[in-house]
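Colleague: I am new to this one. Please take me through it, and tell me what each label rests on.

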Amino acid sequence: MRGMAYSISVLRSIENSAWEALRALYPAGTRRIACNWRIRRGELDAVLLEPDGVLVSVEIRFRASPAWGGALESIGPRKWAHWMGATRAFAQRMGDEVEEVRMDLWWNEGLGWELTSGVER
């Protein structure tokens, strides 16, 4: 079994617990403006807007244990391309409100939520 299917309520619970744990790492006034935003070829787990106009596209990875590979390693080329495409599409829809775009990874491998900011491939 490659992955585990979660219900929407479980996904929202994971996203909310990650946000509560990590919100202090973002500037005051940062807002969540979307959760589970989807387009045909991709999905964004969460989207934040920082007060200075930085749009933050968030991928959330939860692993009960790193035994099956870490959070960052679980993002293969196909997932990466979908994340990038969805991020670009969301930023275009926001228009002039966005000054910059950044991609962050919120991850938990059983020991608490962590943030990797500015993820690049």
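Modeller: Start with two strands. β1 and β2 run antiparallel, and seven bridges join them. Cys35 has Ala46 of β2 as its bridge partner. The model is a predicted one.

Colleague: What makes β1 and β2 count as paired strands?

Modeller: The cut-off is at least two bridges. β1 and β2 have seven, so they count as paired under that cut-off. A hairpin of two residues joins them.

Colleague: What does β2 pair with over four bridges?

Modeller: That partner is β3, again in the antiparallel sense. Leu49 stands opposite Leu55 of β3. Four residues lie between β2 and β3 in their hairpin. In that turn, Gly53 has a positive phi of about 90°.

Colleague: Which strands do the buried residues of α2 pack against?

Modeller: They pack against β1, β2, β3 and β4. Among these buried residues are Trp80, Trp83, Phe90 and Met94.

Colleague: How do you know that the length of α2 agrees with its 18 residues?

Modeller: At 1.5 Å a residue, α2 should span 26 Å. Its end C-alpha atoms are 26 Å apart, so the two agree. Just after α2 comes Gly95, with a positive phi of about 65°.

Colleague: How many aromatic pairs does a search of the whole structure find?

Modeller: Six. Take Trp19 and Trp106 as one of them. Their ring centres are 6.0 Å apart, and their planes meet at 25°.

Colleague: Why is the pair of Trp19 and Trp106 called stacked?

Modeller: Pairing needs centres within 6.5 Å, and stacking needs planes under 30 degrees apart. With 6.0 Å and 25°, the pair is therefore stacked. Trp19 sits in helix α1 and Trp106 in strand β4, so the pair ties together parts 87 residues apart in sequence. Ring pairs also link both residues with Tyr26 into a cluster.

Colleague: What makes Trp19 and Trp106 buried?

Modeller: Buried means under 20% relative accessible area. Trp19 is at 4%, so it counts as buried. Trp106 is at 0%, so Trp106 counts as buried too.

Colleague: Why is the pair of Trp37 and Phe90 called edge-to-face?

Modeller: The label needs planes over 60 degrees apart. Here they are at 85°, with centres 4.9 Å apart, so the pair is edge-to-face. Trp37 belongs to β1 and Phe90 to α2, so this pair ties together parts 53 residues apart in sequence. Both Trp37 and Phe90 are buried.

Key
Residues are numbered from 1 along each chain as its sequence is written. This is a predicted model: local features need pLDDT of at least 70, side-chain atom pairs count only at pLDDT 80 or more; totals for chains, interfaces and linings use all residues. Side-chain values use heavy atoms; hydrogens and water are left out. Buried means under 20% relative accessible area, exposed over 50%, partly exposed in between (1.4 Å probe, protein chains only). The expected span of a helix is 1.5 Å times one less than its number of residues. Contact means heavy atoms within 4.5 Å.
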